[in-house]
Amino acid sequence: MKKYILAGFIAFAAIAFTASSCKKYEDGPAISLLTKKMRLCNDWVVDKYLENGTDETNGTDMTSFMQSVITEWSIKKDNSYTITGAGSESGTWSLGEDKDDVTFTPSSGTARTFRILMLKSKELRLRQTNTNGTYNYLFLKQK
């Protein structure tokens, strides 16, 4: 009986160690009971925006894309999304094959792919890299 208890404890410890050292996203979480889609589908507000490492959240030098969408992103379970701000945008979204990136395809315009850095139920961090630079977004769940 002691052998089974010891074997169970060793197996549990190995799983716990592996789960904590192999997190999916750069900034976490290590483990979640909610699916990625369940955590992503929310109403989000941009809390912080970094352009090439510089905080431009309230700056006047923001890209035209950010000037139009600085306020709210609504990501729905039916794979649709709406972005509202000075302008608005809607379309469809999809997770990448490894579920470590998300692509937003507007009804008219060019698709944009973001790397998911953190995906929690109340906090989302995305990074977009293109020929113009690197853009980091911190979203908080809308209250």
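**Strands and salt bridges**

Trainee: How many bridges join strand S1 to strand S3?
Mentor: Strand S1 covers residues 43–51 and strand S3 covers residues 72–75. Strands (E, at least two residues) and helices (H or I, at least four) are DSSP runs, numbered from the N terminus. Two strands pair if DSSP finds at least two bridges between them. S1 and S3 run antiparallel, and the number of bridges joining them is three.

Trainee: What kind of model is this, and how are its residues numbered?
Mentor: It is a predicted model: local features need pLDDT of at least 70, side-chain atom pairs count only at pLDDT 80 or more, and totals for chains, interfaces and linings use all residues. Side-chain values use heavy atoms, without hydrogens and water, and residues are numbered along each chain as its sequence is written, from 1.

Trainee: Which residue in S9 stands opposite Val 46?
Mentor: S1 and S9 run antiparallel, joined by seven bridges. Within S9, the residue opposite Val 46 is Phe 139.

Trainee: Which residue takes a positive phi in the hairpin of S1 and S2?
Mentor: Two bridges join S1 to S2, and these strands run antiparallel. Glu 51 has Thr 54 as its bridge partner in S2. Two residues lie between the strands, and the one with a positive phi near 50° is Asn 52.

Trainee: Is Asn 136 buried or exposed?
Mentor: Asn 136 is found in strand S9, residues 133–141. Buried means under 20% relative accessible area, exposed over 50%, and partly exposed in between (1.4 Å probe, protein chains only). Because its relative accessibility is 18%, Asn 136 counts as buried.

Trainee: Which side chain makes a polar contact of 3.0 Å with the side chain of Asn 136?
Mentor: A polar contact is a pair of N or O atoms within 3.5 Å; within protein, one must be able to donate a hydrogen and the other to accept it, and residues adjacent in sequence count only if both atoms are side-chain atoms. The partner of Asn 136 at 3.0 Å is Arg 127.

Trainee: How far apart are the closest N and O atoms of Asp 55 and Lys 48?
Mentor: A salt bridge puts a side-chain nitrogen of Lys or Arg within 4 Å of a carboxyl oxygen of Asp or Glu. Asp 55 is partly exposed at 42%, and Lys 48 is partly exposed at 36%. Their salt bridge has a closest N and O distance of 4.0 Å.

Trainee: How many residues apart in sequence are the parts that Glu 89 and Arg 112 tie together?
Mentor: Their side chains meet in a salt bridge of 2.6 Å, N to O. Glu 89 lies in strand S5 (88–95) and Arg 112 in strand S7 (112–119), so the separation in sequence is 23 residues.
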